[in-house]
Amino acid sequence: MSTQVSQVVRTRTDGAVGHILLDRPEAMNAITVELGRQLEHALTELAASARVILVRGAGGNFSVGGDFKELERLRCGGPEAMTPLFDNFGRACAVIATLPVPVVAVVEGYAMAGGFELMQSCDIALVHERATISDTHANFGQIPGGGGTQRLPRLAGRQRALAHILTGDRLSGAEAVAWGLAYRCLPDEGFEEAIARFAQRLADKDPRALATAKRLVYEGLRLPLTEGLALERAAVLDHLGGATAGAGIATFTAKGK
């Protein structure tokens with residue numbers, strides 16, 4: 001007898017903008033084995049057609065992290081039973097850097113533990129002024145398992161990252177921007193309109209240019225500066241030979257005339 005799998009990640013497209021909704025509002029979008037699996041699939045599926053992807057949570061919260069009820073059930077089976085929870089979510093977070101389109105976290109309400117780790121994994125984060133952001137693992141005697149010990153120091157620096165992970169202190173949207181964890185903190189009034197405008201700005205740009213720039217940033221972070229600069233030089237020479245780059249230059253020079 002087959003088991004019915006509920007849809008906990010929903011997708012839709014609006015023109016060139018792809019939307020991903022974590023849809024477990026009754027659990028504040030807590031992460032399960034199935035949510036991680038569906039999230040990875042949604043990201044790769046939308047990247048094939050959309051020019052930008054927005055990721056957000058249902059019910060006014062981004063995500064409070066791993067589902068403790070499911071985790072407790074999985075713990076009875078030992079590490080082997082728990083592995084899919086971390087593997088599925090880890091793959092979803094990791095795939096973002098490999099996609100050719102910008103992936104934007106739209107953070108409202110709580111972004112805690114694994115939800116905060118998903119926010120860190122996205123290319124860009126836009127946060128609501130009343131968002132609450134925190135790695136809360138230590139508050140419950142846990143340690144991060146979705147990349148927080150690795151991504152947070154790279155984003156915020158060792159001092160802030162380690163202190164934050166050890167204390168579980170909460171950050172406001174404005175503090176997340178100050179720490180380099182988010183790009184903009186947006187007011188409640190006009191929030192949806194601001195998100196839509198930002199997404200459309202990205203969608204209107206040349207997709208090849210955005211994809212190449214994103215790839216250079218992620219690859220360059222793993223390389224010494226001299227090698228990263230060489231990678232960029234090769235990429236820009238290749239890019240300038242393309243039709244879209246030529247059209248952009250022609251448009252700029254025509255304005256000058």
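Tyr 183 comes out as partly exposed, with 43% relative accessible area; the label covers whatever falls between buried (under 20%) and exposed (over 50%), using a 1.4 Å probe and protein chains only. The model is a predicted one, where local features need pLDDT of at least 70 and side-chain atom pairs count only at pLDDT 80 or more, while totals for chains, interfaces and linings use all residues. Residue numbers start from 1 along each chain as its sequence is written, and side-chain values rest on heavy atoms, with hydrogens and water left out.

Now for the rings. Rings of Phe, Tyr and Trp (its six-membered ring) pair if their centres lie within 6.5 Å, and the planes are called stacked under 30 degrees apart, edge-to-face over 60 and tilted for the rest. That rule gives two aromatic pairs. Phe 68 is partly exposed at 48%, whereas Phe 140 is exposed at 51%.

Tyr 183 and Phe 198 make a tilted pair, because their centres are 6.0 Å apart and their planes lie at 50°. Phe 198 is buried, at 13% relative accessibility. Tyr 183 also has the charged end of Arg 184 over its ring, 4.2 Å from the centre; this needs NZ of Lys or CZ of Arg within 6 Å of the ring centre and within 35 degrees of the ring normal.
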